[in-house]
Amino acid sequence: MADLPGLSDAVEAGDRDGAVALTAAAIAEGVTPQAILDAMTDAMDAVGEDFQANLIFVPEMLVAARAMRESMALLEPVLVRAGIQPEARAVIGTVRGDLHDIGKNLVAMMWRGANIEVIDLGTNVTAEQFVAAVETHRPNLVGLSALLTTTMPSMGTIVGALRKTDLGGARIIVGGAPVNSEFAERIGADAYAGDAGAAVVVARQLLGLGAAGGGSAAPALGNAAT
Amino acid sequence: MSSRERVLAAINHEEPDRVPIVIGASNATGMKVAPYRGLKQLLGLDGEDRYIYDWPELGTVLPDEPVLERLHSDVRGVFDSFPAATIARNRARPAHSPFVDDWGSGQIEIEDGTWYPAVHPMADATTIEAIERYAWPDMDDPTRVAHLHDEAARLAADGQYAILATPWLLFPFERAFAMQGLEQFLMNLAAEPEFAEALLRAIAERCKTLIGHVLDELGDNVDIIKIGDDLGTEQSLLMSPGMYRRILKPIHADYIAFIRQRTNAKVFFHTDGDVFDLLDDFVEIGVDILNPVQSGSGKLGNLAEVKRRYGTNLAFCGAIDTQHVLPMGTPDQVRAEVRRAIGTLGPGGGYLLAAVHTIMNEVPPENVIAMVDAAVEFGRYQIRD
């Protein structure tokens, strides 16, 4: 019998082999892909909460995300066949002048863990590249990351350029070592996220999404700069 | 009181005449080239820019003596060198191509003059065999330290300044993520702990070998020796305290014990981010001076609590915010930040004023001047009460 609680536990513990095996078994047994997906997003929700509570740290979060990513490689074709779409779409990148990517990668992982499709533009991303990606992918979220104080002005430039384009309602979230909520507000971003766990909470608030596990959608909270 | 006497008093937890200033003596207490050029212009000085470790890709300057004097720096740095073969190889490489160091890790150029660590030679390694197979650098290469004895002897004979020895990045954890990439190494810490620990130990042994040679060359002509490992983020730690205590702390403890057997110099431990939850561990393993006291991060931001709990066991070097105040503040805001740090960390000695990490390119030179002048003004102990 399919062991979905076991799958959640394996993802949460970063047990990639266990998670992949349990995903394969669940698919083979004909468990609905939504239920399998929910088991994984539940696990990543717990990972995000534990991270924010300092119960786990970056290494544990990274291996949990890796276990989910490898399991999702099996599940994705099944989700596509069943017509199940991600809940939202995000474009993310580290801003021009900066190649630091661990913070950006953690946010991308946690967003994927929350069933948000992520288009990762990589590092050293220019305003033109962000604008082009928004026009191509029509995301619900745009995430900007910076580690260096030197690149904070670049973040302002990119938000300015995005504001001049048709964002189609996409909300802009910024984060990274030197960034804070006052800076986010000053450059015209919609929200600041202090870490990858917070990035999920803030994204859900901005988009009016409920938590994972098929729960009902929460009402939109408007501008959720924290 | 000479600069050296001032520093020695402070690191021995006595009040000198004023709070000592550390600037220009290492990468973490150093300055990038833009503010340095700005300073030289303000001071009407010229001369070619020189870089620590003779390494323009790192971009941290070796300030000229008149600049150090104007900045009231009480410390002078002595640096090891890349092996002669590494220097020759990099000098011969095509312009703008990656800089690869003696360990095999290196930097790529993002845009003109901006370099970023992105060459990770052991990115895919997960086995003990891969560690054993790796072509590790020769830490006994005499060209690394050949200049050190005379340089330190000259500074010591002059006697004016405290001598801070800063061999480049003999930091086991940071070296491990230079070899693998931060994300990859952190994942291995969680998923392949035996490999991760073996890699740290392989690196630490090489750090010890080289720092042994450095200390042999310096003899008694060194007051402070710098090691470290970045362990924190703005909010928290890069790994759990449990993981630190299990894997890395014994390596740091052994490393510090090795240093202490060879020198009376104080152990200066550089570690970025909010490391508040590890301060008891650092005291236990023999850290003397904590740097950079990243005052904008988490619990470490509560300088009064840091001083109250750890001020008798640790001296502090740093604490002047480089993420907001120095780059974006006015000179008056810089003065207020200096006054706050001195008022909190200064009483009883045990504080050396420095920026939290390298003074970056966007910091106005006027703010650097404001920082050191405020330290001279507010740091005088006889008028403290």
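1. Basis. This is a predicted model, in which local features need pLDDT of at least 70, side-chain atom pairs count only at pLDDT 80 or more, and totals for chains, interfaces and linings use all residues. Residues are numbered from 1 along each chain as its sequence is written, while chains are lettered from A and ligands numbered from 1 in the order in which they are written.

2. Strand pair in chain B. β2(B) and β3 (residues 106-111) are antiparallel and share 2 bridges. Strands (E, at least two residues) and helices (H or I, at least four) are DSSP runs, numbered from the N terminus; two strands pair if DSSP finds at least two bridges between them. Opposite B:Val100 stands B:Gly106 of β3(B).

3. The sheet. In chain B, 3 strands make an open antiparallel sheet, ordered β2-β3-β4. Its edges are β2 (99-100) and β4 (114-119) of chain B, each pairing on one side only.

4. Domains of chain A. Domain 1 covers 4-81 and domain 2 covers 88-207; such bounds come from an automatic or database domain assignment. Their C-alpha centres are 25 Å apart.

5. Domain contact in chain A. Here 11 residues of domain 1 are in contact with 11 residues of domain 2 (C-beta atoms, placed from the backbone, within 7 Å). On the domain 1 side, α3 (33-52) and α4 (58-81) of chain A each supply at least two residues. α3(A) gives the most to this side, 7 residues.

Methods:
Contact = placed C-beta atoms within 7 Å.
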